[in-house]
Amino acid sequence: MDLVTFGETMARLENPVVGPMRHARALDLGVGGAESNTAIGLCRLGGTAAWFGRVGDDEFGRLITNVLAGEGVRLGHTVVDRSAPTALLFKERRAGTLTRVQYYRTGSAGSRLCPADVPHDLIRSARVLHVTGITAAISATARQALDDAVETARDAGVPVSLDLNYRRALWTPTEAGECLQKLVKRADLLFATEQEARLIVPDADDDLAGLAAGLAALGPRDVLLKRGAQGVVALCEGALHVQGAHRVPVIDPVGAGDAFAAGYLAEFVRGRPVADRLDTATAAGAYAVTVRGDWEGLPSRADLDLLKSAEDTVTR
Ligand code: KDG
């Protein structure tokens, strides 16, 4: 298996017309979860990915497993929890690309993930284990499962990829900073925004190269500072890389970071050099933001070629 990942995936409800949610006459139904978004991205780029987590024994849980399986994500270790519902995520498209996310996930099936759910053999078989800080924030048992999974990967020599993915609705900056710093020390690859990075190394230099170096000093050999429309500053295997983003019309920025991680990891597991990893990561991020939805716009390999070669806006 190229990538193993886990966490909470939710049913996603979104107003199709921009404005306060209370005026919506209908909501679009989909799914979203940072880790499963990345698993889908890796599959679309031709890799193999497994996701595990808990879903409720309800229509939303069945929607999640249908969607992920339909995208080629392996779900053999996913648990159907009969005692708690699948969580909901509401995406209120308030104005243009301004989106307000609200969770209904306290006590959800996904947050009941626990150490007994962790498939250690599957993790040992992976080319990379990808985790996010969200799992540490959703419950104590999920945090323990995360800890165990990371330990198994490290013992087996499987690289650990960590996307900090700070969600302020779930915990305070102080709580997150303390907990995530411990995870950063055990990660090989680290994805973060500048704001997230400063939770971990509050005293780091103002400039991004210094910030990346501060994070790398904690352990990760690749540090990727994602800068949205401004691209990425990366400190990988000791070398600094600065890369711009593709200029694309932004329709929905949610999920861009998961796409970036998917692109980077898709090349990492194929043993490709850093330059290729960054190219695919930035292309995947660009595709993700051009389409409504957290993962729906993620590219295939053919889409990557299209972005590279397109001189016209229409390819026939
Ligand atoms: O990164 C996109 C995610 O925010 C979304 O798909 C849902 O996992 C999610 C979360 O916790 O916000």
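Cysteine 179 is buried, at a relative accessible area of 10%. Buried here means under 20% relative accessible area, exposed means over 50%, and partly exposed is in between, with a 1.4 Å probe and protein chains only.

Before I go on, the ground rules. This is a predicted model, where local features need pLDDT of at least 70 and side-chain atom pairs count only at pLDDT 80 or more, while totals for chains, interfaces and linings use all residues. Residues are numbered from 1 along each chain as its sequence is written, and side-chain values use heavy atoms, with hydrogens and water left out.

Back to cysteine 179. It lies in helix H6, residues 173–184. Helices (H or I, at least four residues) and strands (E, at least two) are DSSP runs, numbered from the N terminus. What does cysteine 179 touch, leaving aside neighbours within four places in sequence? Ala136, Arg143 and Trp171. Contact means heavy atoms within 4.5 Å.

Is asparagine 165 buried or exposed? Buried, because its relative accessibility is 6%.

Glutamate 237 is another such case. Phi is near 50° there, again positive in a residue other than glycine. This residue belongs to the loop between strand E13 (232–236) and strand E14 (239–243).

Now the ligand. The space it takes is the largest pocket. Two criteria sit behind that. On a 1 Å grid over the protein atoms alone, a pocket is an open set of points with protein on both sides within 12 Å along at least five of seven lines; a cavity is a set where a 1.4 Å probe fits but cannot get out, and lining residues have an atom within 4 Å of a point. A molecule sits in a pocket or cavity if more than half of its atoms lie within 2 Å of its grid points.

Which residues come nearest to the ligand? Of the 13 around it, Ala34, Tyr103, Arg167, Asp258 and Asp294. Near means a heavy atom within 4 Å.

Some polar pairs. A polar side-chain atom of tyrosine 103 is 2.5 Å from a ligand oxygen. For glycine 33, a polar backbone atom lies 3.2 Å from an oxygen atom of the ligand. Arginine 105 has a side-chain N or O atom 3.0 Å from a ligand oxygen. On its own the ligand exposes 320 Å², and the protein buries 94% of that. Those areas are Shrake-Rupley, with a 1.4 Å probe; for residues, only the protein chains shown count as cover.

On to serine 36. It lies in helix H1, residues 34–44. At 1% relative accessibility, serine 36 is buried. Its side chain makes a 2.7 Å polar contact with the side chain of threonine 9. A polar contact is a pair of N or O atoms within 3.5 Å; within protein, one must be able to donate a hydrogen and the other to accept it, and residues adjacent in sequence count only if both atoms are side-chain atoms. Beyond four places in sequence, serine 36 contacts Thr9, Trp51 and Leu68.

Last, aspartate 28, in strand E3, residues 28–32. It is partly exposed, at 33% relative accessibility. Its side chain joins that of arginine 292 in a polar contact of 2.7 Å.
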